[in-house]
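Here is a short tour of one protein model, written for someone who likes cut-offs stated plainly. Have a look at the sequence and the structure, then read on.

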Amino acid sequence: MELPAELTRNAVAAWGEDGRAFIERLPEQVATLVREWSLTLAQPYPMSFHWVCAVRLPDGGPAVLKLGPPGSPHLRQQAATLRHFDGRGAVRLLAHDVARGALLLERAVPGTPVSAVPPELDVVATAAIITVVRRLHRPPGDRGELPDLLQNRRQSFVDHLACHPGDDPFPRRLVTRALGLLQELCASASQEVVVHGDLHHDNVLRSSSSRSGAEPDPWLAIDPHGVVGDPGADVGAMLYNPALARRDPALVRLVPARIEQLADGLALPLQRVIAWGFVEAVVSEVWTAEERGPLTRALDVALALEPQLS
């Protein structure tokens, strides 16, 4: 089995020896799961940190096999989140073996991402994401393995401030302001739901296939991070996506219209959408800094929103 160089590089960089062992065992792991779950391999997807491949189920139905390091906390969290969503606005979890780092997922067909919608039809893309948010958000019930949104984001900000005492790699004031806003937003939340946590244009796919035992959904979310907290947090990622690396001012100029559409479509106060957009844009850049990556459009959006904060 030929593996993408990026997958090997990223797995080792992210997980060290566990990542190296994951890559070494991957061909055997794939063969074992294909046999045990009676799957037929189809087309691999682009891979960054996980091995992901389209497969066919025993009845010929489409699915996706996703593999990571055994016991992966990310995959465990993703499995718990998808179980909670239960096919409402998201792909369904068909089978999982987190101890072996394996998820078998429903495949959205045709699976065209919202990012394929051209910028001149941005209102259509935003409407698709609004549709998904409305379907996803429900109270957590038994929170189980899902982390708290406040604790998750706050720790990222605190760690960044401890590691970067100055304005490198980006202004420290943004992180300080985002941390304060995060705490205010979570303290004033009217309800808590299971938040997708990374709901952007490449994580919402067109679905036209029939779904046995479930209502048809024109769009389905994939790859949730899964945290429990204020539903407003899910507006953030779509404000600075897609094509995060493209620091194009024309794309930043789409943000005000998106904010108004999100506030109206999700019945959220405009200032709350702006505040969550700022917080999530800053946390995205904090995560980029952790990986020592180049600055992204998330920073441009945060700077554009900063003067609008109340």
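Which residues does His-196 touch, not counting residues up to four places away in sequence? With contact meaning heavy atoms within 4.5 Å, His-196 touches Phe-85, Leu-136, Asn-203, Ala-221, Ile-222, Asp-223, Pro-224, His-225, Gly-226 and Asp-234. His-196 sits in the loop between β7 (193-195) and β8 (204-207), and its relative accessible area is 0%, so it is buried (under 20% relative accessible area; exposed is over 50%, partly exposed in between, with a 1.4 Å probe and protein chains only).

A word on the basis: this is a predicted model, where local features need pLDDT of at least 70, side-chain atom pairs count only at pLDDT 80 or more, and totals for chains, interfaces and linings use all residues. Residues are numbered from 1 along each chain as its sequence is written, and side-chain values use heavy atoms, leaving out hydrogens and water.

Now to the aromatic rings. The structure holds two aromatic pairs (ring centres within 6.5 Å, using the six-membered ring of Trp; planes under 30 degrees apart are stacked, over 60 edge-to-face, the rest tilted).

| Pair | Centre to centre | Angle between planes |
|---|---|---|
| Trp-15 and Phe-22 | 6.4 Å | 85°, edge-to-face |
| Trp-15 and Phe-49 | 6.2 Å | 70°, edge-to-face |

Trp-15 lies in helix α1 (residues 5-36) and Phe-49 in the loop between β1 (40-44) and β2 (51-56), so their pair ties together parts 34 residues apart in sequence. Helices (H or I, at least four residues) and strands (E, at least two) are DSSP runs, numbered from the N terminus. Trp-15, Phe-22 and Phe-49 form one aromatic cluster. Phe-22 is buried at 4% relative accessibility, while Trp-15 is partly exposed at 28% and Phe-49 is partly exposed at 29%.
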